[in-house]
Amino acid sequence: MTNAPTASFGFRDVPEDQKEDLVREVFSSVAKRYDLMNDLMSGGIHRIWKDAMVEWLNPQPGWRVLDIAGGTGDIAFRIADMARARGGEAAITVCDINADMLGEGVRRAEAKGELAIEWICGDAEALPIPDASMDAYTIAFGIRNVTHIDRALAEAKRVLKPGGRFLCLEFSRVEAPGLDALYERFSMSVLPKLGELVAQDAESYRYLAESIRRFPPQAKFAKMIEKAGLSRVKVRNLTGGIAAMHSAWKI
């Protein structure tokens, strides 16, 4: 008799078929205060990281861009602005599995008058997107929450056109000496307390901190990207490795 497959949910291992619902509950709980909490958790540095991601992407007018797990629109708005700064529009689709997060993104888009972005509810492991249809695939702080990272990476390759760009921003393994212990104490002690104080939800932020610890370090994640069939993988650390960007291409 074999045991049922499991997936990590923070420091716990849960039945694989339960993780998606558990993650959905976390983000439904924090959706309305998600951006405020990002500012508090990072001291606003997440904005600099996201700017760096979109600058490295260098989106061009006419591109079709798929932003995964981008419910509140932070990456999509930056991509739209940069494409316009280069003289035209990019066709951007935001896909998130969580309807509450998408609702926040749509609300923000309406407030900004940003009406051209398409918002769809979908699973990163089974995208409702045609094969070879996207010039770029972006995902920021989302891939560690999927149940099967390998399936999400395979979907990224599938939807990209030949010559298309994959770019992921994610919390990673701190490599700066001394910063690792400091960051460990902050994330495991302060984040849940901030979550309780600001979002009335310590458990969701405990999960988020734990999920960072369970995510593969930079080199291992780079190997996973290569195994998915994407090429020319490059890694750039941000803030000593607290976050990292992984870039690759569909050749």
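Mentor: Gladly! Let us begin with the largest cavity, which is lined by 30 residues, and nearest its centre lie Ala 69, Asp 96, Ile 97, Gly 142 and Asn 145. Keep in mind that this is a predicted model.

Trainee: What makes the largest cavity a cavity, and what volume does it have?

Mentor: The name applies because a 1.4 Å probe fits at its points but cannot get out. The volume of the largest cavity is about 440 Å³.

Trainee: Which elements supply at least two residues each to the lining of the largest cavity?

Mentor: They are α1, β3 (64-68), α4 (74-85), β4 (91-96) and β6 (134-140). The largest share, four residues, comes from α1.

Trainee: How does the lining of the largest cavity divide by class?

Mentor: It has 14 nonpolar, eight polar and eight charged residues. Asp 96, for example, is among the residues nearest the centre, and Asp counts as charged.

Trainee: How many cavities of 30 Å³ or more are there?

Mentor: The count comes to two. The second largest cavity holds about 40 Å³ of space, and its lining is made of Ala 80, Arg 84, Glu 89, Ala 90, Ile 92, Glu 114, Ala 116 and Ile 117. By class that gives five nonpolar, no polar and three charged residues.

Trainee: What links Arg 84, Glu 89 and Glu 114?

Mentor: Together with Asp 81, they are linked in a network of salt bridges. Arg 84, Glu 89 and Glu 114 also line the second largest cavity.

Trainee: What volume does the second largest pocket have?

Mentor: About 310 Å³. Its lining has 19 residues, and the closest to its centre are Ser 8, Val 146, Thr 147, Ile 149 and Pro 216. The elements giving two or more residues to this lining are β1 (6-9), α1 (16-30), α6 (149-159), α8 (202-214) and α9 (218-227). By class, the lining of the second largest pocket has seven nonpolar, six polar and six charged residues.

Trainee: Why is this one called a pocket rather than a cavity?

Mentor: Because a pocket is an open set of points, whereas a cavity is a set from which the probe cannot get out.

Trainee: Where is Leu 208, and is it buried or exposed?

Mentor: Leu 208 is in helix α8. Its relative accessibility is 6%, and buried means under 20%, so Leu 208 counts as buried. The C-alpha atoms of Leu 208 and Phe 27 are separated by 9.9 Å, although the two residues are 181 residues apart along the chain.

Trainee: Why is the contact of Asp 51 with Arg 78 called a salt bridge?

Mentor: The cut-off is 4 Å between a side-chain nitrogen of Lys or Arg and a carboxyl oxygen of Asp or Glu. For Asp 51 and Arg 78 the N to O distance is 2.7 Å, so the pair is a salt bridge. The pair links distant parts of the chain, with Asp 51 in helix α3 (residues 45-57) and Arg 78 in helix α4, 27 residues apart. Arg 78, at 18%, is buried, while Asp 51, at 35%, counts as partly exposed.

Trainee: How many salt bridges does the whole structure have?

Mentor: The search finds 18. One of them joins Glu 203 and Arg 206, with the closest N and O atoms 2.4 Å apart. These two are three residues apart in helix α8, so about one helical turn separates them.

Trainee: What makes Glu 203 exposed but Arg 206 partly exposed?

Mentor: Exposed means over 50%. Glu 203 has 53% and therefore counts as exposed, whereas Arg 206 has 30% and so counts as partly exposed.

Note on methods: Residues are numbered from 1 along each chain as its sequence is written. This is a predicted model: local features need pLDDT of at least 70, side-chain atom pairs count only at pLDDT 80 or more; totals for chains, interfaces and linings use all residues. Side-chain values use heavy atoms; hydrogens and water are left out. On a 1 Å grid over the protein atoms alone, a cavity is a set of points where a 1.4 Å probe fits but cannot get out, and a pocket is an open set with protein on both sides within 12 Å along at least five of seven lines; lining residues have an atom within 4 Å of a point. Grid points are joined across faces, edges and corners, and a volume is the space filled by probe spheres set on the points. Buried means under 20% relative accessible area, exposed over 50%, partly exposed in between (1.4 Å probe, protein chains only).
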